[in-house]
Amino acid sequence: MAGRVLPVIAERRRGARGIRLRADSVQGAVRISLPARGGVAEALTLLDRHRDWLAAQVAAWPRALPFVPGAIIPFNGADLHIDWQASHSRTPLVDGDTLHIGGPRAMLPGRVLRWLRATALIDVTVGTHEIAALVGRPVTQVRIGDPRARWGSCASGGRIAYSWRLILAPPEIRRNVVAHEVAHLVHANHGPDFHALLASLDPNGRDCKRWLARHGAGLHWVGRETA
Ligand SMILES: [Zn+2]
């Protein structure tokens, strides 16, 4: 399909009634869900019959954006140009729209990733405590990870986790996700009280969901080596 390798992931789901085909733009894979038993022949037919549809979906997927010298990656809602020179400092340094970074070339992707994760953690930790102070609830832990399906989560005991990829998004998007998770410290649901509190914490956040729906998949391709 336009020269792209397309992994197919088949999953059996107990309780699934039929066979479902889905083009997963986050993972970059075709997902087929099958009932607990059987369905393989039908799934292959379905796959074959939807070849054109899949090609159209895949053509619209984001492109992988590996951390290589000269790459331009999204960072904090703007473009960041990776300027790698072996002789540059190994400690990444941002100057305007450029990230200066040194050390061995082979270490570049890991170094950029660690820097992004560290920067993300500092940013969301500060933001979380700031907004949590407004609602007067304690936060016991802020961590970051790389979940596929969510941007943030809030567990009991005041433990909040975020996707490090939020640092790639504009600050107002990050703030909205942080406000959302902090609002869960008060309301552990998505009821009217939760939404009223979220609106008071982040009055301008209404369009953030739309932004993430539109651009979120692309953030998952940042740092990926191959299409
Ligand atoms: Zn929620």
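**Exercise 1. Which residues in H4 meet which residues in H5?** Then work out how the two helices are arranged.

*Solution.* Let's start with the contact itself, keeping in mind that this is a predicted model.

- Step 1: On the H4 side, the contact is made by Arg175, Asn176, Ala179, His180, Val182, Ala183, His184 and Val186. Their partners in H5 are Phe194, Leu197, Leu198 and Leu201.
- Step 2: Sorted by type, the residues of this contact give eight nonpolar, three polar and one charged.
- Step 3: Now for the geometry. The axes of H4 and helix H5 (residues 192-201) are 9 Å apart, and the packing angle is about 135°. That angle makes H4 oblique to H5.
- Step 4: The crossing of H4 with H5 is right-handed.

**Exercise 2. Describe how H3 packs on H4, from axes to side chains.**

- Step 1: Helix H3 covers residues 108-135 and helix H4 covers residues 171-186; their axes come within 9 Å and cross at roughly 45°.
- Step 2: Angles from 65 to 115 degrees count as roughly perpendicular and those under 35 as roughly parallel, and H3 and H4 are therefore oblique to each other.
- Step 3: H3 and H4 cross in a right-handed sense.
- Step 4: H3 contributes Asp123, Val124, Gly127, Thr128, Glu130, Ile131, Ala132 and Val135 to the contact, while H4 contributes Arg174, Arg175, Val178, Ala179, Val182, Leu185 and Val186.
- Step 5: These residues comprise nine nonpolar, two polar and four charged.

**Exercise 3. What is the handedness of the crossing of H4 and H6, and which residues meet there?**

*Solution.* One more helix pair to go.

- Step 1: Helix H6 (residues 208-219) packs with H4 at an angle of about 110°, and the axes are 10 Å apart. H4 and H6 are therefore roughly perpendicular to each other.
- Step 2: The crossing of H4 and H6 is left-handed.
- Step 3: Glu172, Ile173, Asn176 and Val177 of H4 touch Cys208, Trp211 and Leu212 of H6.
- Step 4: By type, the contact of H4 with H6 has five nonpolar residues, one polar and one charged.

**Exercise 4. Into which domains is the protein chain divided, and what does UniProt list for residues 27-215?**

*Solution.* Finally, let's step back to the chain.

- Step 1: The assignment gives domain 1 (8-59) and domain 2 (108-219). Taken over C-alpha atoms, the centres of domain 1 and domain 2 are separated by 32 Å.
- Step 2: An unreviewed UniProt entry lists residues 27-215 as "domain: YgjP-like metallopeptidase".
- Step 3: Over residues 27-215, the chain is 43% helix and 20% strand, and 14 Å lie between the end C-alpha atoms.

Key
Residues numbered from 1 in each chain as written. Predicted model: local features only at pLDDT ≥ 70, side-chain atom pairs only at ≥ 80, totals over all residues. Heavy atoms only, no water. Axes fitted to C-alpha atoms, helices over the stretch in contact; angles between N-to-C directions. Helix = DSSP H or I, 4+ residues; strand = E, 2+ residues; numbered from the N terminus. Parallel < 35°, antiparallel > 145°, perpendicular 65-115°, else oblique. Left-handed = near helix turned anticlockwise from the far one by under 90°. Contact = heavy atoms within 4.5 Å. Nonpolar A, V, L, I, M, F, W, Y, C, P; charged D, E, K, R; others polar. UniProt positions renumbered as here; feature names shortened; annotations may be inferred. Domains from an automatic or database assignment.
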